[in-house]
Protein chains: 2
Amino acid sequence: MATPMPHAAPTGLRERKKQRTRDALIRAALELFTEQGYEATTIDEIAEAVDVSQRTYFRYFANKEDVAFAVQTMVEARFLDELLARPATEAPLTALRSAVMVAWDDIGSAIESVIPVELHMRSYRMIESTPALVAAHLRRSSELEEEIARLIARREGLDVDTDPRPRVLVAAFSGVMRVAGKVWGEGQDCTVASIRELTRSYLDHIGPAMDDDWRTGRERPAATSATPYSL
Amino acid sequence: MATPMPHAAPTGLRERKKQRTRDALIRAALELFTEQGYEATTIDEIAEAVDVSQRTYFRYFANKEDVAFAVQTMVEARFLDELLARPATEAPLTALRSAVMVAWDDIGSAIESVIPVELHMRSYRMIESTPALVAAHLRRSSELEEEIARLIARREGLDVDTDPRPRVLVAAFSGVMRVAGKVWGEGQDCTVASIRELTRSYLDHIGPAMDDDWRTGRERPAATSATPYSL
DNA sequence: GAGGCTAATGTCAGCCACTGACAGTTGACA
DNA sequence: TGTCAACTGTCAGTGGCTGACATTAGCCTC
């Protein structure tokens with residue numbers, strides 16, 4: 001059911017209604033979660049706030065956790081799309097980095113169409129301080145890492161189970177992304193631009209060392225304008 | 001018959017009964033989980049198998065997940081005890097390594113007093129293939145890592161929030177432990193001795209590079225008999 | 001070794017997350 | 001406009017989990 005894609009404007013009235021209901025559920029849920037806590041909020045409350053039945057909530061989200069990660073899911077999907085679209089000439093780390101940057105460029109408006117970025121930021125902090133959500137977050141992250149690693153391996157024509165480099169690279173990349181997210185969550189500036197720049201500057205620190213060509217063993221010609229690495 | 005807690009034999013009849021009930025619950029739960037699956041098993045079934053009320057189950061375990069990790073918890077507690085007991089002269093990685101080895105030396109019998117090691121091994125695989133338990137496992141692991149990192153930092157007189165080395169070392173150590181556990185779970189040899197040796201050989205590969213003295217900046221004199229590192 | 005203290009347990013009632021079944025409603029499209 | 005399919009509400013039920021209260025059973029003292 002309900003495709004969560006906020007881009008690709010919905011065609012008919014029915015689709016638009018669904019999108020509205022879904023967005024309203026996310027917004028109501030996050031507002032309630034951040035105000036009174038995740039555990040203290042019941043799904044009945046969320047449904048009531050949007051004026052739908054509890055059963056309808058479960059037709060949009062598989063469980064109580066899901067709604068808390070709806071925006072994250074959106075961002076991740078956007079990132080994966082961009083990663084798939086990167087030219088094969090780019091080195092792995094460059095592709096990851098470019099995909100993140102391009103994704104951030106237009107995900108901001110997509111987020112804003114659902115919830116204020118400030119609410120997203122508060123949700124981020126709420127997740128970090130709720131054990132049940134921390135667990136879910138870790139599991140989701142490890143699943144995403146695995147997906148990215150396989151994707152990178154395929155790009156480079158490698159076997160993810162014998163060559164450790166894809167997983168290692170993705171682990172490093174994810175680690176940096178996680179730290180950037182955490183620093184953003186703790187900071188004051190709750191704009192999308194700020195997390196984008198934070199991400200950029202953190203990624204710059206992975207350095208070009210990992211970024212040579214895995215297929216020929218030689219360094220790649222710079223695919224993007226200027227090599228973006230400082231160290 | 002029941003040698004209850006890993007250490008500290010119970011004094012009275014009451015304590016022994018409690019220990020028996022607890023062990024029986026763990027055993028029944030793991031047997032049911034591994035036979036018919038985690039989700040498909042209800043707590044009523046577990047309680048019935050041990051002939052206690054469901055309410056009593058919840059007086060021993062906080063939730064359904066907890067019982068699945070009871071043995072792990074035992075092993076971890078044993079490890080932390082040993083780590084605390086390591087002399088301050090040992091370098092961090094050496095202390096971690098020694099604590100693991102000493103812990104494995106006598107944890108085997110403690111495990112066997114609760115469940116057959118073979119059941120523990122099946123449980124391990126069951127956890128890995130159950131999303132809800134994977135999430136719980138990841139959260140538990142990250143909490144344990146944090147605890148170990150703080151412990152190591154205190155040992156070395158460092159601030160865990162400014163000096164990245166404790167967390168980095170523990171991350172590497174935990175990663176190796178996780179892989180060792182995974183390989184053991186996939187293998188045939190379900191003895192405690194086998195995971196002990198697996199752990200030893202994997203830890204040997206971290207190498208002495210990380211193992212110099214963090215306080216003086218010089219290499220430590222070998223605290224143990226022979227330097228155990230092969231690479 | 002009877003009786004009081006207290007920890008452990010059972011029973012019961014109830015909340016909440018989640019699901020299947022079925023019926024009513026409402027866009028979509030001929 | 002009428003038919004179809006999708007969306008939604010209602011209802012009943014299961015299972016995880018908790019608080020309250022009564023009951024049982026080790027423990028300890030006299």
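A residue counts as near a molecule or strand if its C-beta atom, placed from the backbone, lies within 6 Å of it. The model is predicted, with local features needing pLDDT of at least 70 and side-chain atom pairs pLDDT 80 or more, while totals for chains, interfaces and linings use all residues. Residues are numbered from 1 along each chain as its sequence is written, and chains are lettered from A and ligands numbered from 1 in the order in which they are written.

**Exercise 1.** Find which residues come nearest to DNA strand D, and sort its surroundings by class.

*Solution.* Start with the 20 residues around DNA strand D: A:Arg55, A:Thr56, B:Gly12, B:Asn63 and B:Lys64 come nearest. Next, sort the surface by class, which gives six nonpolar, six polar and eight charged residues. Here Ala, Val, Leu, Ile, Met, Phe, Trp, Tyr, Cys and Pro are nonpolar, Asp, Glu, Lys and Arg are charged, and the others, Gly among them, are polar.

**Exercise 2.** Work out how chain A is related to chain B.

*Solution.* Superpose by least squares on the C-alpha atoms of residues with pLDDT of at least 70 in both copies. In chain A, A:Ala135 comes closest to the rotation axis, at 2.6 Å (C-alpha).
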